[in-house]
Amino acid sequence: MRMTHITKKHLSRRTVLKGMGVTVALPFLDAMLPAGKAYARTEAAASASRVRLVAMEMVHGAAGSTAIGTKKHLWAPEKVGSGFDLSGTSLSPLEPFRDDLTIVSNTDVHNAEAFTLPEIGGDHFRSSAVFLTQSHPKQTEGNDVFAGTSLDQIYARKFGQDTPIPSMQLSIENVDQAGGCTYGYSCIYTDTISWASPTQPLPMVRDPRVVFDQLFGVGATAEERAANRRTDKSILDWVTAQIQTLRREIGATDRARLNEYLDNIREIERRIQRIEARNASGELRQFPDAPIGVPDSFEEHVHVLMDLIAVAFAADTTRVFSFKLGRDASGRSYPESGVNTGFHNASHHGEREDRILDFAKINKYHVSMVPYLLDKLKNTADGDSTLLDNSLVLYGSPMADSNIHNHRRVPLFVAGHGGGRLKGGLHIKAADGTPMANPMLTMLHVLGCEEVDKFGDSTAELDLNNAAPEATTDAAKE
């Protein structure tokens, strides 16, 4: 076992604790500031403020995108600008974070529409491929898939080599189907939202255990990771001596920060172990074919993956996550929302107001998962600010009114301040006909990818710090 780059005077930002099959990166500590350097804090703050990205997709659109939902403001609030009222909307769980929130309403995803006669009806089976690429996927059931490079991977391609893991892709539902789904589309289009290139979709990871092992076993073999699990020891047990040495070499503030970080790791590890033990107990499972580390509870599953996102950001192990929260045409139900109808059936509400209101409850329940992550990011120091200050958390859907497979007025919001580039506390209502690609182009620039001058079918940036309506686009005029 060894500890790298540790001295009594200074720690490298890339300091790690290493044991057999274990690599534990550290959170940002004051000891990482070079001693006696006047510019140290400025330099460290600049390093720490590199923006983290979480791009979350929820399928099936939103009740607020229907004609009735738009009139009742079931998704976006009525007031544009600041001072908006979230009560009565599906975004109401975000009220505690309103100052960190940028709501973007009234944008369209044209590239998720059918372009040819054979594509009609296939919206559920191409939409996810459009979400982060804003590109129209090729209709094929074979391996010759073609979409676009996704927003998260454009960012990872430029900055991903600065971290041990360039990016990670997470999902909640089953994404290991193969071959063709239906309407002539490969299941690959349904299974992922991350594309390293137009022909290179990236697999999503569903099992929290796999994510944990990837984060804390960088460089380890699968055999070493398996051996560690068989010992029934915490990964921290393999680096106990190094932790004790480190605690003696750092100040009180750093010790408190380190202890909190390590406690978070141990608690996540215990939660995963409890899930695995419960699923191996022989008790009836709701999803018996799911990996042993996947909990039946949607909320538990989302939260443990969000815990892993937060510790990965704290340690700067990666700065990029895509997170697919649902799968198109899924019949999964969310009784905690107050609605027992399966998700896909609920989205096909037949324009009945009572069913639209039920669908809005499901949307609100899904959004209610997000504050868990925002709270963790807001309460984690990152240099002189917080992880939420230095993050961009994107949540949206490439579908709008799923009942008619419509892609106009799609749901979209961003949380975080993008390293100081986003004011937050605003509702931006785009001009009619504005592509969702426009705010995504702005997000790429916020992330530091200023060289990107066009993304998908973007026509221009959408100013996310100014609530004044965007100039009418050519598409809107037509």
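Reply: The side chains of R319 and D162 meet in a salt bridge, with 3.8 Å from N to O. Please keep in mind that this is a predicted model. In general, side chains of opposite charge can pair when their charged atoms come close. Across the whole structure, a search finds 24 salt bridges.

From here, α10 leads us on to the pockets. The largest pocket has a volume of about 380 Å³. Its lining takes two or more residues from each of α9, α10 (298-315) and α13 (370-378). Of these, α9 provides the largest share, eight residues. In total 19 residues line the largest pocket, and those nearest its centre are E260, Y261, N264, N379 and T380.

The axes of α8 (residues 240-249) and α9 (residues 252-279) come within 9 Å of each other and cross at roughly 155 degrees. Angles over 145 degrees count as roughly antiparallel, and therefore α8 and α9 are described that way. On the α8 side, the contact is made by I243, L246 and R247; α9 answers with R255, L258, N259 and L262. Sorted by type, the residues of this contact are four nonpolar, one polar and two charged.

Finally, there is the second largest pocket, with a volume of about 290 Å³. This pocket is lined by 19 residues, and T70, H73, A76, S105 and K429 are the closest to its centre. At least two lining residues come from each of α2 (67-72), β5 (101-108), β13 (408-410) and β15 (426-435). Strand β5 gives the most, with three residues. Here the lining divides into eight nonpolar, eight polar and three charged residues.

If you are turning the model on screen, start with R319 and D162 in their salt bridge, then go to α9 with its eight residues in the lining of the largest pocket, and end at the second largest pocket with K429 among the residues closest to its centre.

Notes
Residues are numbered from 1 along each chain as its sequence is written. This is a predicted model: local features need pLDDT of at least 70, side-chain atom pairs count only at pLDDT 80 or more; totals for chains, interfaces and linings use all residues. Side-chain values use heavy atoms; hydrogens and water are left out. Axes are lines fitted to C-alpha atoms, for helices over the stretch in contact, and angles run from 0 to 180 degrees between N-to-C directions. Helices (H or I, at least four residues) and strands (E, at least two) are DSSP runs, numbered from the N terminus. Angles under 35 degrees count as roughly parallel, over 145 as roughly antiparallel, 65 to 115 as roughly perpendicular and the rest as oblique. Contact means heavy atoms within 4.5 Å. Ala, Val, Leu, Ile, Met, Phe, Trp, Tyr, Cys and Pro count as nonpolar, Asp, Glu, Lys and Arg as charged, and the others, Gly among them, as polar. On a 1 Å grid over the protein atoms alone, a cavity is a set of points where a 1.4 Å probe fits but cannot get out, and a pocket is an open set with protein on both sides within 12 Å along at least five of seven lines; lining residues have an atom within 4 Å of a point. Grid points are joined across faces, edges and corners, and a volume is the space filled by probe spheres set on the points. A salt bridge is a side-chain nitrogen of Lys or Arg within 4 Å of a carboxyl oxygen of Asp or Glu.
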